[in-house]
Amino acid sequence: GYELDSLKVLDKNGKELALTDKGDGRFTFIMPAGRVEVKAAFTEEAKISPFRDVPTDAYYYEAVKWAQKKGITGGIGDGLFGPNQPCTRAQIVTFLWRAAGAPVVNYAMDLTDVPSDAYYAEAVRWALSQGITTGTADGRFAPDATCTRAQGMTFLFRASKASADGQRHHQRHNKLHLQPRQRLHESADRDVPVAAVRGEVIAIYVKWTPLTAKAVKGVPFNL
């Protein structure tokens with residue numbers, strides 16, 4: 001993976017503007033009069049696995065590292081992740097729920113095999129409210145059943161669609177998403193749209209794309 005090495009925003013005269021680090025690759029600055037230039041450079045980050053059984057050269061390393069950092073998974077205990085263990089339906093839905101920010105929803109849940117105090121109860125409630133699952137035909141969810149690849153892909157597809165539908169109306173024209181070219185230290189230079197107003201707080205989301213790890217733990221990654 002790669003991490004941000006430097007980020008600069010210059011006004012039309014080449015003067016560097018003050019940036020506010022909002023965390024997780026997000027920065028803001030006050031829009032001056034005229035256009036601005038954004039310069040970003042990236043470096044390769046040191047590979048340190050969060051789990052003893054996840055080698056740094058494994059195809060799923062980046063996905064697992066991302067999931068652990070985001071609080072989507074804490075592994076199975078004793079510093080292990082269990083990459084070759086199967087996942088249950090409860091686990092998969094819980095991963096998706098946490099990836100969505102663990103939202104709390106007010107939704108009636110009458111599935112007979114989902115106790116209200118189960119660790120996955122709120123995740124299933126959320127999944128039902130978003131149409132990600134409807135449970136099984138007999139009014140159950142089957143939380144302990146193995147989640148097949150077909151089921152996991154369907155959950156992921158529906159969760160992705162629900163997320164896209166929910167976020168579309170929040171998008172604003174003055175948000176700049178940098179997608180630096182795939183070469184170490186190469187800069188990504190972009191201009192803020194002309195529609196930006198002087199004095200307005202402009203948001204920048206800096207990320208290295210594309211992500212290449214492939215594992216169900218990564219949720220946004222491809223299986």
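**Valine 124 and its surroundings**

A: Setting aside the neighbours within four places in sequence, valine 124 is in contact with Val93, Met109, Leu111, Val114 and Phe141; contact means heavy atoms within 4.5 Å. This is a predicted model, in which local features need pLDDT of at least 70 and side-chain atom pairs count only at pLDDT 80 or more, while totals for chains, interfaces and linings use all residues. Residues are numbered from 1 along each chain as its sequence is written, and side-chain values use heavy atoms, with hydrogens and water left out.

Val124 and Val114 are the residues with the most contacts inside the largest nonpolar core, which has 27 residues. Such a core is a set of buried Ala, Val, Leu, Ile, Met, Phe, Trp, Tyr and Cys residues joined through side-chain atoms within 4.5 Å. Buried means under 20% relative accessible area, exposed means over 50%, and partly exposed is in between (1.4 Å probe, protein chains only). At least two residues of this core come from each of α2 (89-99), α3 (121-129) and α4 (149-167). Helices (H or I, at least four residues) and strands (E, at least two) are DSSP runs, numbered from the N terminus. Another core, of 10 residues, lies apart from this one and includes Met31, Val36, Ala40 and Phe42. In soluble globular proteins, nonpolar side chains tend to be buried together.

Val93, one of the contacts of valine 124, is among the buried residues of α2. That helix is mostly covered, with eight of its 11 residues buried. Besides Val93, the buried residues are Arg89, Ala90, Ile92, Thr94, Phe95, Leu96 and Trp97. Just after α2 comes glycine 101, with a positive phi of about 100°.

The loop between α3 and α4 can be followed next. Threonine 134 lies in this loop and counts as exposed because its relative accessibility is 64%. Threonine 134 is 10 residues from valine 124 in sequence, and their C-alpha atoms are 9.4 Å apart in space. Alanine 142 has its place in the loop between α3 and α4 too, but counts as buried because its relative accessibility is 15%. The phi of alanine 142 is near 60°, a positive value in a residue other than glycine.

Threonine 73 is buried, with a relative accessible area of 7%. A polar atom of its side chain lies 3.1 Å from the backbone nitrogen of glycine 75. Aspartate 78 has its place in the loop between α1 and α2; at 64% relative accessibility this residue counts as exposed. Although aspartate 78 is not a glycine, it has a positive phi of about 60°.

Cysteine 87 is buried at 16% relative accessible area, and cysteine 147 is buried at 12%. The closest cysteine sulfur to that of cysteine 87 is in cysteine 147, 7.6 Å away, so the two are too far apart for a bond. The structure holds zero disulfides, a disulfide being a pair of cysteine sulfur atoms within 2.5 Å.

As for the whole protein, there are four helices and seven strands, in the order β-β-β-β-α-α-α-α-β-β-β from the N terminus on. Of its 223 residues, 39% are buried.

Technical notes:
Polar contact = N/O pair within 3.5 Å; in protein donor to acceptor, adjacent residues only side chain to side chain.
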